[in-house]
Amino acid sequence: MNVETCQVTRVPGIKSRKEKSFEKFAMQHGPHAKYMAMVGTSGNLLILSQTNKQFLFNVKANADVVKCGFAETNEHHLYSICRSGEVYLWDMRMRKCVSRHYDFGSVHGTCIAATFDSKMYACGSSSGVVNLYSNLYGKEQQQQQSKGGAFRAAATAPKPVKSFMNLTTPIDHLAFTRNSEILAMSSSREKDSFRLVHVNSRTVFANWPTNQTPLNYVSTLDFSPNGGFLAIGNAKGRVLLYRLNHYSTA
C-alpha cells in the first residue's frame, strides 16, 4: 500500500509455488531498497523485487522458516530463524547462506530482528527467552569464505551476550530503534506481555510499562524512523502510540 496515495497494489501468486498465502514477510527500507522476502513452506524464502513484485529467486533452509528480516545497513543481507531454532544469514548477491548457528538454549525459534547497523541481532523463542548476539560470529565465517575456505557451521554455537527471561510465553515481535539503543519485545499469548530493553547496558526498563499501562494482548509493535514514537497494536483492534521523550525527533 502506498501511504501517500492510498493506493493498494495486489501481488499476484507466484508461478510454480504451492503456497496460497504469505502472512510472514520482510521488506527492505531506505533509498536503495530492492528486495522483499516472503516465508514459504519447507524452509523456502522467496525473494521478490520491490519494483515490479516479480519473483527473483529463492533460498532454502534446513527446516521451516518462521521469521525473517533484512539488515538495513547491508542491503545484501537477510536474517532468518527456523522453527528448529537455527539462525541463518543469507547473502542476496551470492544467493546462499554465509553464516548459521543454533539459537542458544532454544527449543523452537519464533522471532528474529537485527539492529540498523547490523552489529547485533536478537532471537526470540517459544519459551519467552530473548537472546542478544554480537554479529562478530557471522563476520568471521564470511571472512573464512572470502579467503577461499568452504562454508561450515561451527561445532558450537556462539553464546549470546545477554539472555532476557522477563517473558514466559512465545515471542512474537522484536524491534530495535534505528540507533540500536532500545529493543522492544512482546508476546501475544499473555496479557500485557511487553518489555523494553536498553541495549548498551543490557538491562530491561523497570519503570515502564506499568500495571496501569493498557496494553492488553500485544499483536504488533514498531518504532518510528528516529525512535521518537512507539506504536503498539493489540487484540482489541487498537493502536497505542507512545512518545519516547529521550528522542527529540520522531
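I call two strands paired if DSSP finds at least two bridges between them. Strands (E, at least two residues) are DSSP runs, numbered from the N terminus.

I am working on a predicted model, where local features need pLDDT of at least 70, side-chain atom pairs count only at pLDDT 80 or more, and totals for chains, interfaces and linings use all residues. Residues are numbered from 1 along each chain as its sequence is written, and side-chain values use heavy atoms, with hydrogens and water left out.

**Sheet 13-14-15-16.** I found four strands in an open, antiparallel sheet in that order. Strand 13 and strand 16 (203-204) are the edges; each has a single partner strand, so one side of each lacks a neighbour in the sheet. I then looked at strand 14 (residues 182-186) and strand 15 (residues 194-198): five bridges join them, antiparallel. Ser 186 has Phe 194 in strand 15 as its bridge partner.

**Asp 172.** I located Asp 172 in the loop between strand 12 (162-164) and strand 13 (173-176). Is Asp 172 buried or exposed? Asp 172 is buried, meaning under 20% relative accessible area (1.4 Å probe, protein chains only). I found no salt bridge for Asp 172; that would take a side-chain nitrogen of Lys or Arg within 4 Å of a carboxyl oxygen of Asp or Glu. Arg 189, the nearest side chain of opposite charge, is 4.8 Å away. The Asp 172 side chain does reach the backbone nitrogen of Ser 188, at 2.5 Å. I also listed contacts (heavy atoms within 4.5 Å). Beyond neighbours within four places in sequence, Asp 172 touches residues including Lys 67, Cys 111 and Ser 186.

Terms used. Buried means under 20% relative accessible area, exposed over 50%, partly exposed in between (1.4 Å probe, protein chains only). Lys and Arg count as positive and Asp and Glu as negative; His and the chain ends are not counted. A polar contact is a pair of N or O atoms within 3.5 Å; within protein, one must be able to donate a hydrogen and the other to accept it, and residues adjacent in sequence count only if both atoms are side-chain atoms.
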